[in-house]
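Thanks for asking me to look this over with you.

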Amino acid sequence: MEMMQKREREKEVVSLMIKIYCNKKHHTKGTICEDCRQLDEYAKLRSEKCPFMETKTFCSNCKVHCYKPEMRKKIREVMRFSGPRMIFHHPVMALQHVLATKREKRRLKIEKE
């Protein structure tokens, strides 16, 4: 059940980031354009098929990048733009992401030692 929740949380975060990006960059209001919709569907598919979901926090922290190069470029652009803006759109989700990222980095540091 927990892995299912992680997948759903990952998809929810990415979808929100894509929506923020599309609304600001492509001037859509309350919806997303076709390109962003395709990116959202692709990101959800990658999350569904991820074999590392149990051991990672979010795709942005993953060392194995399973996105096609052109999609990876698009999702990185979305994340760079939307990441800082998440605090204004969904502060709880943004804080959870920051804390989970810090925990993951701490865990990896301990494993290396």
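The numbered points below go from the whole chain to single residues.

1. **Before you start.** This is a predicted model, in which local features need pLDDT of at least 70, side-chain atom pairs count only at pLDDT 80 or more, and totals for chains, interfaces and linings use all residues. Residues are numbered from 1 along each chain as its sequence is written, and side-chain values use heavy atoms, with hydrogens and water left out.

2. **The overall fold.** Tracing the protein chain, you will find four helices and zero strands, in the order α-α-α-α. Helices (H or I, at least four residues) and strands (E, at least two) are DSSP runs, numbered from the N terminus.

3. Of the 113 residues in the protein chain, 35% are buried. Here buried means under 20% relative accessible area, exposed over 50%, and partly exposed in between (1.4 Å probe, protein chains only). The chain exposes about 7800 Å², and carbon and sulfur atoms supply 56% of that area. Accessible areas come from the Shrake-Rupley method with a 1.4 Å probe, and for residues only the protein chains shown count as cover.

4. **Contacts along the chain.** A contact means heavy atoms within 4.5 Å. Take the contacts in the protein chain between residues at least 6 apart in sequence: 70% of them join residues at least 24 apart.

5. **Two cysteines.** Cys50 is buried at 6% relative accessibility, whereas Cys66 is partly exposed at 34%.

6. **A loop residue to check.** Please look at His27, in the loop between helix 1 (2-25) and helix 2 (34-49). Its phi is positive, about 55°, although His27 is not a glycine. For background, most residues other than glycine have a negative phi. His27 is also exposed, with 64% relative accessibility.

7. **Ile20 in helix 1.** Is Ile20 buried or exposed? With a relative accessible area of 4%, Ile20 is buried, and its place is in helix 1. Leaving out residues up to four places away in sequence, Ile20 touches Phe81, Ser82, Arg85, Met86 and His89. Gly30 is ten residues from Ile20 along the chain, and their C-alpha atoms are 9.5 Å apart.

8. **Asp40 in helix 2.** Asp40 sits in helix 2 and is buried, at 8% relative accessible area. Its contacts, again leaving out residues up to four places away in sequence, are Ser15, Ile18 and Ile32.

9. **The cavity.** The structure holds one cavity of 30 Å³ or more. The largest cavity has a volume of about 40 Å³. A cavity is a set of points, on a 1 Å grid over the protein atoms alone, where a 1.4 Å probe fits but cannot get out, and lining residues have an atom within 4 Å of a point. Grid points are joined across faces, edges and corners, and the volume is the space filled by probe spheres set on the points.

10. **The cavity's lining.** Ten residues line the largest cavity, and Lys11, Val14, Ala43, Lys44 and Ser47 lie nearest its centre. Helix 1 and helix 2 are the elements that give two or more residues to this lining. The lining has four nonpolar, two polar and four charged residues. In this scheme Ala, Val, Leu, Ile, Met, Phe, Trp, Tyr, Cys and Pro count as nonpolar, Asp, Glu, Lys and Arg as charged, and the others, Gly among them, as polar.

Technical notes: On a 1 Å grid over the protein atoms alone, a cavity is a set of points where a 1.4 Å probe fits but cannot get out, and a pocket is an open set with protein on both sides within 12 Å along at least five of seven lines; lining residues have an atom within 4 Å of a point.
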